[in-house]
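I opened this one to jot down what I could look up about its overall make-up and its packing. Notes are below, in the order I took them.

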Amino acid sequence: MAPLRKLTGAQAELFAAICHHYIGEAGSEFTSSATPDEVPIFSHLSRAQRLTLIADVAVGMLCEDEPLPPDTIQHNSAYRAIIEFLFSALSWETDTLDDVGWDNVGEDLLGFDDTVYSTRERTDEELEEFRVKEALIEHRAEKNMKKLNKGKDVGEFHVDERDTRYGATDLTTARNILKRIFDGGPVSKRERDSIRPLTDKEKIAFRWRRLCDAALQEDTLENLHFQDDWSTSFPLCNVNFDWRCETLNKWKMALNLLFDTKLMDYGSATDRALVYGSVDYRSYADPSQLPRVKALERHINLLMKVYASTWDPKLLAIDQRRIYAVCSKEQYPGHYQKEELHPGHYHEEWAIGFHDECLARGINLEKSGQNYQARLNVFRDTKDDLMDGCEWDFRSRENAVLESDQRYWTPKEEGPKELGFLQRMCSGPGKLFPGKNPQTISCWTSENLQACSRCRAVLCKLQWEQHPVSYNGCQLPNPNFSFFYTFVSDCSRECQIADWKRGHKNVCARLAKERKDKEKISQLAKDA
């Protein structure tokens with residue numbers, strides 16, 4: 001259960017870029033891309049521990065004289081998480097150019113997918129049925145979760161190799177899916193050569209897609225490292241799109257083939273299920289998933305406890321520096337580039353010393369896809385002489401408070417009690433926001449929640465006002481999303497009455513009856 005080979009060339013450059021990008025993602029409070037739901041073990045570890053694992057994997061995959069990453073569940077989880085980070089970076093790049101004021105940048109270059117998807121809005125009856133099913137699943141999930149917390153024995157976790165949810169993708173069954181990225185043949189060299197030169201702004205705006213495109217183009221029959229059905233049947237240089245493609249699913253399918261299917265050996269289906277696959281309330285509602293949930297909890301708690309006992313706050317940024325040293329292409333420390341992470345105030349002396357030593361040894365930091373081992377050697381040779389500032393987060397600016405910085409990174413010894421469960425909130429009928437110009441906002445509290453005494457589940461429809469309201473620096477959700485559904489209890493009699501009038505009275509009797517049908521709810525959770 002480990003990666004099968006080292007990365008070189010454009011594939012190594014892409015891998016290094018996403019590992020380097022993670023330094024900033026890991027330290028942010030406001031991003032979920034650093035903790036992908038699809039990789040629960042990795043995502044529930046502390047920030048410092050995640051960075052240690054990313055550094056280990058980066059060194060193992062990129063540096064030619066180092067062994068491959070350790071064959072452990074945590075390192076394999078970190079490898080899979082890196083693939084998920086890449087998907088997030090691509091998603092941001094393809095979806096949010098307008099949000100950063102770069103609308104119309106390179107618009108004439110983009111290639112829109114001509115695939116047509118037929119969708120329709122759900123009817124009121126279908127929406128009501130959906131809400132009822134979700135409420136039943138969530139109620140059963142909470143019941144099972146409480147039993148697990150009390151120590152219920154659910155047996156050992158094991159996945160049958162024929163279980164398609166976690167087993168390796170079968171080549172025959174995947175052919176129809178893969179037709180989407182191969183049908184029509186590759187983009188011709190003539191068409192690629194006809195693309196006009198990009199401006200500096202366009203090079204930044206399309207950075208991730210260009211890196212991914214170059215990595216896919218290196219997957220040829222001539223560059224095969226292993227002779228297997230996947231490699232010989234699907235050389236990814238033949239995909240039917242290039243970096244101008246805006247269809248994220250095509251990128252995900254191709255990159256998953258490149259970095260996962262062709263490169264990763266997870267061992268058994270059981271091992272793969274511990275590495276990959278999200279956990280949410282549906283997992284708790286399905287009894288067959290409970291052994292997996294308990295196995296994940298055990299792994300997370302053990303890994304956190306061992307790491308916390310060895311963590312040294314004086315070396316808080318050592319793994320951030322290690323990733324930066326191996327993966328960064330920044331040639332001049334302190335010169336900010338939009339696609340690079342700028343070292344914080346307390347790390348500039350180290351960064352300048354590292355770069356000066358690289359230049360003295362003739363190491364070109366801007367050269368793509370190579371020099372990783374030489375850079376690691378420089379890091380190892382100089383790190384003890386340049387330890388000043390290592391107790392600070394890599395991004396900390398001048399005048400930061402060390403105690404606050406370190407508290408943010410100090411690892412815990414125990415993971416969460418409930419994986420994948422969000423805090424329950426009451427939408428309620430709304431309250432009057434105090435101030436000079438009061439507005440009505442939803443209740444949005446988690447205090448004193450009370451479930452319906454009859455069915456034990458409540459369906460609340462959360463309506464937002466037309467204008468966002470800020471309270472104590474916390475911005476309410478985007479008002480452009482007019483509503484969403486959440487399955488919560490009520491915090492007061494007023495909220496309960498409002499929910500009853502809003503439609504709960506129409507489904508209460510049904511929920512009260514069907515919530516006891518464990519087998520039916522288990523199937524609903526599997527089908528969801």
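**Whole protein.** First thing to keep in mind: I'm working with a predicted model. I counted up the secondary structure and got 20 helices and 8 strands. The protein has 528 residues, and 49% of them are buried. I checked surface next: the accessible area is about 27300 Å², with carbon and sulfur atoms holding 48% of it. For contacts at a separation of 6 or more, I found that 78% join residues 24 or more positions apart.

**Ile-54.** I looked this residue up in helix H3, which covers residues 47-62. Is Ile-54 buried or exposed? Its relative accessible area is 0%, so I put Ile-54 down as buried, the cut-off being under 20%. Leaving out residues up to four places away in sequence, I listed what Ile-54 touches: Cys-19, Tyr-22, Phe-42, Ala-78, Ile-82, Phe-85 and Ile-323. I also took one distance: Ser-77 is 23 residues from Ile-54 in sequence, and their C-alpha atoms are 9.7 Å apart.

**H15 and H16.** For two packed helices, I want the angle and the distance between their axes. H15 spans residues 318-327 and H16 spans 348-360; their axes come within 12 Å and cross at roughly 35°. I noted the crossing of H15 past H16 as right-handed. Which residues make the contact? From H15 I have Arg-321, Tyr-324 and Ala-325, and from H16 Trp-350, Phe-354 and His-355. I sorted the residues of this H15–H16 contact by type: 4 nonpolar, 1 polar and 1 charged.

Terms used
Residues numbered from 1 in each chain as written. Predicted model: local features only at pLDDT ≥ 70, side-chain atom pairs only at ≥ 80, totals over all residues. Heavy atoms only, no water. Axes fitted to C-alpha atoms, helices over the stretch in contact; angles between N-to-C directions. Helix = DSSP H or I, 4+ residues; strand = E, 2+ residues; numbered from the N terminus. Left-handed = near helix turned anticlockwise from the far one by under 90°. Contact = heavy atoms within 4.5 Å. Nonpolar A, V, L, I, M, F, W, Y, C, P; charged D, E, K, R; others polar. Buried < 20%, exposed > 50% of the residue type's maximum accessible area, 1.4 Å probe, protein only. Areas by Shrake-Rupley, 256 points an atom, 1.4 Å probe, with all protein chains shown as cover.
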